[in-house]
Amino acid sequence: MRYGDKVAVDGLSLTVERETITAVLGPNGAGKTTTLETCEGYRRPQQGMVRVLGLDPVRDRRELLPRIGVMLQDGGAWSGVRAMEMLRHMARLHAHPLDVDQLGERLGLEECGSTPYRRLSGGQQQRLGLAMALVGRPEIAFVDEPTAGMDPKARRGTWELLEELRASGVTVVLTTHYMEEAERLADRIHIIDRGRLIATGTALELTRGTAGRQPAATIRLVVSRPFPPGAPESLRRALGEQTEVTLLDEVSLLVTGPADASTLANISGWCQEHGVLPESLTLGQRTLEDVFLQLTGRELSA
Amino acid sequence: MNTSFAPRPGAAPLPRMIAAQALMETRLMMRNGEQLLLAVVIPVIVLVVGVRGTKALDITFQHSSVDVFTPGVLALAVMSTAFTSLAITTGFERRYGVIKRLGSSPLPRSGLLAGKVCSLLLVELGQLVVIGSVGMALGWDPDPSLVGTFLAVVLGTAAFASLGLFVAGVLRAEATLAAANLIYLLLMAGGAVIIPSVAYGALGNLVRWLPSGALGDAMRDALIRDTIAWSNLLVLLVWAAIGTFLTARTFRWE
């Protein structure tokens, strides 16, 4: 499966493996939806080639559509329709749909009762949208911002559902601007910005920085009394030349660099030697947020 | 509870998809108060007031007033469903992304269109039953040409539906709502749909070329005099061709 298209998306090239979850991550306006809609056959690329399940989404549309499930970012139901009624309608358009009642129960749609679509909450509309994408038992589910507007509980439920889809053999392609969503779910993450692919990899590869030249670990040290003069330099000597030590304020500093089993011990040894008492010592990986910031110079969520 | 999501894709057979779409649209329309008002309540009021009013005012036609009014009100009902209702629902379907959503379902666009047409015909059948019954209660005694009535309803539906889709395709949903209602009111008042075009005097020569006048006159010829009004049907056919051309040129699905 390949994409490669233009307009809001320029020279984007990526491949999705079957039976995986792929996240297309990027800020608003990065071209995530355009990328998805090109795969769904809504848009014809002016240049480049898109193949979904080996088919051209525009030319082979009739053949492709039954095999994919689509969740739009918003809307997609009559204003006066009831949630379960809409789901049942979508099921009737397919040859072997899922059991509508079970799916509705799974996604908590029975609580919508006879409320018309326009009066459902944002989260309920999202869950209905997801159910509509899945009811036809597709091979690939394209879900655009699946958890936008959901409360944390519904979001976790949706994540579990998407993982279950993958386990059942469904390929999931999702867009998101939530880090933790991509990090938790995706086998592969494609970070796009301004219509261009800027990084690709697993969450681990991206945060470890095997793609870039960036250091691996971030250690934050907070002490009870101000550091002695020259502390960053002496700590850096203790940890090795590839390490960077940045003084954040007079009681905290940030260590970035390659980390191994001895790193934390070395820092605590240095504290003992210099008579400073650590108040907290935290070791953390870079987040995808850091990766994005580093690659673009901008915040992802901005 | 365990749902297996194991893929098993496939489109339902086309006739089943079209039937599902037609029934869904019909059900939604029956639930919508404004649509029901337009489809049934207004035509029935027009019929009753028309018949009673002409009696009270002592206005006479060549035939009894209920025989003149009932075919006209049936024409009005076709116009309200095929033009106004269709335009408004389609306008809001575009707005709410329904058409876009169905665009990535197995239902092809031709199937969506067929579903809409079946839904229109289903609603019109219901209108025919209700309005016909009210007419009978008022003493309607038709001398019908079934072929003439059938052709008038089908060609009238085609003409008004294609024009309704044209309006829904080029205007925003709110503008469609306003325009479709306004045109409906104007045609009801002065479009020779309820009252024969000959009753309009000199203006009648103009309004009989409107789809409303052509449909009204064709229905009256078919139901009062058992004749097929070929010239009026031709006018409807031309309007259907114009509407289809305009819609095909301008309609945007999203």
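Which residues does Leu87(A) touch, not counting residues up to four places away in sequence? They are Val100(A), Leu103(A), Gly104(A), Leu109(A), Leu128(A), Ala131(A), Met132(A) and Val135(A), where two residues are in contact if their C-beta atoms, placed from the backbone, lie within 7 Å.

The model is predicted, so that local features need pLDDT of at least 70 and side-chain atom pairs count only at pLDDT 80 or more, whereas totals for chains, interfaces and linings use all residues. Residues are numbered from 1 along each chain as its sequence is written, and chains are lettered from A and ligands numbered from 1 in the order in which they are written.

**Cores and burial**

Leu87(A) is also one of the residues that touch the most other members of the largest nonpolar core, which has 139 residues; the others named are Ala131(A), Phe142(A), Met79(B), Leu215(B) and Leu236(B). Helix H3 (residues 65-95) of chain B gives this core its largest share, 15 residues. A second, separate core of 10 residues includes Leu221(A), Val245(A), Leu253(A) and Val255(A). A nonpolar core is here a set of buried Ala, Val, Leu, Ile, Met, Phe, Trp, Tyr and Cys residues joined through C-beta atoms within 7 Å; a residue is buried if 20 or more other C-beta atoms lie within 10 Å of its own, exposed if 12 or fewer, and partly exposed in between, with C-beta atoms placed from the backbone. By that criterion, 42% of the 302 residues of chain A count as buried.

**Domains and sheet**

Chain A is divided into domain 1 (21-208) and domain 2 (217-285), with bounds that come from an automatic or database domain assignment, and the C-alpha centres of the two domains lie 44 Å apart. The secondary structure of chain A comes to 11 helices and 10 strands, which are DSSP runs of H or I (at least four residues) and of E (at least two), numbered from the N terminus.

An open sheet with mixed pairing has 6 strands of chain A in the order E2-E3-E4-E1-E5-E6, two strands being paired if DSSP finds at least two bridges between them. Strand E2 (68-71) and strand E6 (196-201) of chain A are its edges, each pairing on one side only. Within the sheet, E3(A) and strand E4 (residues 171-176) of chain A run parallel and are joined by 5 bridges; the bridge partner of Phe142(A) in E4(A) is Val173(A). Helix H5 (residues 122-134) of chain A lies across E2 and E3 of chain A, running at about 170 degrees to E2(A), while H6(A) lies across E1, E3 and E4 of chain A, running at about 150 degrees to E4(A). For these angles, axes are lines fitted to C-alpha atoms, for helices over the stretch in contact, and values run from 0 to 180 degrees between N-to-C directions.

Glu19(A) lies in the segment before strand E1 (21-25) of chain A, whereas Glu145(A) lies in the loop between strand E3 (140-144) and helix H6 (152-167) of chain A.

**Confidence**

Chain A averages a pLDDT of 85, and 90% of the residues score at least 70; pLDDT is the predictor's confidence in each residue, from 0 to 100. Over residues 1-7 of chain A the pLDDT is below 50, although this stretch has 32 contacts in the model beyond near neighbours in sequence.
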